[in-house]
Amino acid sequence: MGRRYDPERRQRIIDAAAAVVRERGIAGLGHRAVAAAADVPLGSTTYHFATLDDLLIAALRQINAEWLAEVERWVEGVDPAAPPADELARWLEEQITGDRARLELEYELYFAALRHEGLRPLAAECLDEMARMLARLVPDAATARAVVALIDGLTLQVLLADRPYDREDTRAALARIMGGDGDDGPTAR
């Protein structure tokens, strides 16, 4: 019997790898698990992705693209009349109080770049792209990078230390980073 033509097979494998990582974490990623999830022969996963790192990179690229598309939609929908610190604090609250498993996955992949050198460029691209999008809401690119760093730090504190998210404290910190003092009254000294 001849080989069946399946032009979507590679994408199904990537989708399955992303699903396996979402469900089991990076440690659960394997060619067999992905092949089963994609309903393809094991040889198909190794044909398209010679190593697990190749498969992990493809999954991370897809997960990042989905995340960044969501951020882009949010940025485009921000009310230009609303204070950016208020909008960012509200959005971050939605992210943190929403799908925790998704947030944990995103940060697991992010930190995997510490040990998987091939993931570092993808993690850096994601950070750079997020800063580029947020630059539309803040005074300049350096401020956008600072906002991304604050978002990451606050998110990690909530995830790792089970600290409650404080929208007002976040708004004040964002306002200070963006050039205000974070207080509605006179500048604090």
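Biologist: Which helices are included in what covers the buried residues of H9?
Modeller: Helix H9 spans residues 167–177, and its buried residues are Thr-170, Arg-171, Ala-172, Ala-173, Leu-174 and Ala-175. Helices here are DSSP runs (H or I, at least four residues), numbered from the N terminus; buried means under 20% relative accessible area, with a 1.4 Å probe and protein chains only. The cover, judged by contact (heavy atoms within 4.5 Å), includes helix H5 (84–97) and helix H8 (141–161).

Biologist: Happy with that! Which pLDDT do side-chain atom pairs need to count?
Modeller: Residues are numbered from 1 along each chain as its sequence is written, and side-chain values use heavy atoms, without hydrogens and water. This is a predicted model in which totals for chains, interfaces and linings use all residues, local features need pLDDT of at least 70, and side-chain atom pairs need pLDDT 80 or more.

Biologist: Which residue caps the N-terminal end of H9?
Modeller: Look for a side-chain oxygen that lies 3.1 Å from the backbone nitrogen of Glu-168. That oxygen belongs to Asp-166.

Biologist: Is His-31 buried or exposed?
Modeller: His-31 sits in helix H2 (residues 31–38). Beyond its neighbours within four places in sequence, His-31 has contacts that include Leu-42, Phe-49 and Leu-55. Because its relative accessibility is 15%, His-31 counts as buried.

Biologist: Now the domains: what area do domain 1 and domain 2 bury between them?
Modeller: The assignment, automatic or from a database, gives domain 1 (1–58) and domain 2 (78–180). Their centres, taken over C-alpha atoms, are 30 Å apart. Buried area is the accessible area (1.4 Å probe) that two parts lose on being put together, summed over both. With 80% of it on carbon and sulfur atoms, the total is about 660 Å².

Biologist: Which residues of domain 1 lose the most area to domain 2?
Modeller: The contact takes eight residues from each of domain 1 and domain 2. Together, 63% of what the domain 1 side buries comes from Ile-26, Leu-56 and Ile-57.

Biologist: How many salt bridges does the rule find across this interface?
Modeller: The rule asks for a side-chain nitrogen of Lys or Arg within 4 Å of a carboxyl oxygen of Asp or Glu. Across the interface of domain 1 and domain 2, the number of salt bridges is zero.

How values were computed. Helices (H or I, at least four residues) and strands (E, at least two) are DSSP runs, numbered from the N terminus. Buried means under 20% relative accessible area, exposed over 50%, partly exposed in between (1.4 Å probe, protein chains only). A polar contact is a pair of N or O atoms within 3.5 Å; within protein, one must be able to donate a hydrogen and the other to accept it, and residues adjacent in sequence count only if both atoms are side-chain atoms.
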